[in-house]
Amino acid sequence: MKFRKGAINSVIRSTAMAAALALAFAGSGLAASAKPAAAKAAKSEAKKSVAEPRDLAPSSLPGQVVYQVLLGELALQRGNPDLAVSAYADLAYRTRDPKVLERTMEVASIARRFDVAYEAGKLWVEVEPASLTARQTLSAILIMQNKIDELGPQITFLLAKDKANLSDNLMRLNRMLARYPDKVAVFQMLEGVLAPYTGVAEAHFALATAAYHAGEQNRALQEVRKSLTLRPDWELAALFESQLLARESPSAGVDVLEQFLKANPGAREVRLHLARGLVAEKRYGEARKHFDRLLADNPDSPELIYPVAILALQQDDVATAEPLLKVLLERGEPSEKGVAAFYLGQIAEDRGALQDAVKYYRQVSFGDQFAPAQIRVANILVKQTDGLPAAREHLQISAKVYPPAKPQLLVAEAHLLRDVGRDEEALQLLNTVILQQPDQAEALYDAAMLAEKLGRMDVVESNLRRVIHLRPENAHAYNALGYSFADRGIRLDEAYKLIAKATELAPEDPFIMDSMGWVLFKQGDLQGALVFLQKAYVLKKDAEIAAHLGEVLWMLGRQDDAQRIWAEAAMRYPANGELKAVQQKFLR
């Protein structure tokens, strides 16, 4: 009696492992396109496949086959994959039947016996060398086994036999190989596999992608440019070239997109990426033009409405931004709705429509914008008659409904208390925040400033040194500590070093220039102090800077200049206490 493959097809056919193998192949077109050819090959092979294994008597084969198939399937169902693998592997090696070999690979893969699946796959390809399914399945196992050296011939065969889908298969190569850890080996393998396709743009793109992941940036750039030579209007290749160039020079990446867009003005994705690149380069006006065009072609796209609205706000174009933000508030993603509500609140607040502003701010959802929005509500409430209790209550309720924002809201509440002169209460509130979050730099800094007003230099120093430790690039922490020493005339050498560090970090900050001038004045260097204070006052007509500059001028014998500076500042800041104090000191 002859052994016929069709007799056991219904027993061994399973889709479960086919799905597992397809997962390894990551949706490759190589797998998808193999099915028709595989079916044809299997049909032809059925007529000439090994029907009577030489080592078995013909009369004994059917019973043995049925027994081992049933044994393997029952073992699999009952949770004994090792027995299932053993039964199928033995049957596969003795029959060399393609369907048994295929099922053996499936069962072995279920049991994660990839060594058995690998051996079965090699035998299947030996038995059916023209089968695309066999080679595709073996390729999946080779990827799982990290056998990149054996994978190249299989991919070469699959590409050559599926010319109708060559472009798609080439574009899926890197996705198929994404799990392989040795990216250099992948690149080297693909160099050989893709050598016959020098006239195909997708082949150069695939090689460029592999080169990029292998760290061969120059080669990636060369290959993607070859793909663009073959397909000059290919947006994906232009975007990849821009990405590669932007790693070294963002402006170079933008230039590539601009040149591509001139030749291909309808390239939507390139225009979108160009607009975003221009925003990153702070070329907002140019970016706005591209976004406006994209929005004109796609008026209902939130992806475009959002950046156009934000750019319009940045350019103070409220007339354009406001209706777009209202569309986002109605139809955008949750995160976009929160941002839209926040900016609509700002627009209403700037317009003086405070009730509308509060309405919008209250619509801001949980997230980064939540705390700033509720702080703005509190600032509006505090302006009302006896509004401080209502403002504090709003912040406290907001902290309860969204605990992640609590530290920021407590700091805001402390600011409200500070602004009405309740410094002690404000400091206590900030200390509560610091107790809960010892590394909250903003609370530490604000508490130091309040402690400075209350004369608690121990708190000032400990808090500011903690801020410096947490944020060593924070120029204002160095400046505040140095100025606190200088203003009291203590530890002047240390004060100078602290302020010098602040100057190094923020050389154009007028308040830090003022501190440097003041410490030099305290050290007796009047001319040095004058240079810094004059420069600071040019940059910022601040009352405190004016008070310091006037005092240095007075001590240099330039009393008329000092009085002119003080009078000018007094017109701007008639209630400033420090300005009044210096005038009383010298003009009484």
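**Around E202 and beyond**

Visitor: Let's start with E202. Buried or exposed?

Guide: E202 is buried, at a relative accessible area of 9%. One thing to keep in mind as we chat: this is a predicted model.

Visitor: OK, and where is E202 found?

Guide: You'll find E202 in helix 13, which covers residues 201-213.

Visitor: What does E202 touch?

Guide: Leaving out residues up to four places away in sequence, E202 touches S167, L170, M171, R231 and W234. With R231 there's also a polar contact between the side chains, at 2.8 Å.

Visitor: R231 again! What does R231 lie over?

Guide: The face of W234, with 4.1 Å to the ring centre.

Visitor: Which residues are in a ring cluster with W234?

Guide: F205, Y212 and F240 join W234 in a cluster linked by ring pairs.

Visitor: How many aromatic pairs turn up in the whole structure?

Guide: A search finds twelve of them. One is W518 with F521, a stacked pair with 4.9 Å from centre to centre and 25 degrees between the planes.

Visitor: Why give a distance and an angle for that?

Guide: Because a pair of aromatic rings is described by how far apart the centres are and by the angle of the planes.

Visitor: Where do W518 and F521 lie?

Guide: Both are in helix 31 (residues 510-522), three residues apart, and that's about one turn of the helix. W518 is buried at 4% relative accessible area, and F521 counts as buried too, at 14%.

Visitor: New topic: how many salt bridges are there?

Guide: The whole structure has 33 salt bridges.

Visitor: How are E119 and K122 placed in helix 8?

Guide: They sit three residues apart in helix 8 (residues 114-127), so about one helical turn separates them. E119 is partly exposed at 38%, and K122 is partly exposed at 33% relative accessibility.

Visitor: Is E424 buried or partly exposed? And R456?

Guide: E424 counts as partly exposed, at 33% relative accessibility. R456 counts as partly exposed as well, at 31%.

Visitor: What forms a salt bridge with R268?

Guide: That's E269, with the closest N and O atoms 2.9 Å apart. R268 is partly exposed with a relative accessible area of 26%, and E269 is partly exposed with 32%.

Visitor: Which residues are linked in a network of salt bridges?

Guide: E191, R219, E223 and K226 are linked that way.

Visitor: Zooming out, what does the secondary structure come to?

Guide: It comes to 35 helices and zero strands. Of the protein's 588 residues, 49% count as buried.

Visitor: Last one: what does the charged end of K359 sit over?

Guide: The ring of Y360, at 4.9 Å from its centre.

Note on methods
Residues are numbered from 1 along each chain as its sequence is written. This is a predicted model: local features need pLDDT of at least 70, side-chain atom pairs count only at pLDDT 80 or more; totals for chains, interfaces and linings use all residues. Side-chain values use heavy atoms; hydrogens and water are left out. A salt bridge is a side-chain nitrogen of Lys or Arg within 4 Å of a carboxyl oxygen of Asp or Glu. Helices (H or I, at least four residues) and strands (E, at least two) are DSSP runs, numbered from the N terminus. Buried means under 20% relative accessible area, exposed over 50%, partly exposed in between (1.4 Å probe, protein chains only). A polar contact is a pair of N or O atoms within 3.5 Å; within protein, one must be able to donate a hydrogen and the other to accept it, and residues adjacent in sequence count only if both atoms are side-chain atoms. Contact means heavy atoms within 4.5 Å. Rings of Phe, Tyr and Trp (its six-membered ring) pair if their centres lie within 6.5 Å; planes under 30 degrees apart count as stacked, over 60 as edge-to-face and the rest as tilted. A charge sits over a ring if NZ of Lys or CZ of Arg is within 6 Å of the ring centre and within 35 degrees of the ring normal.
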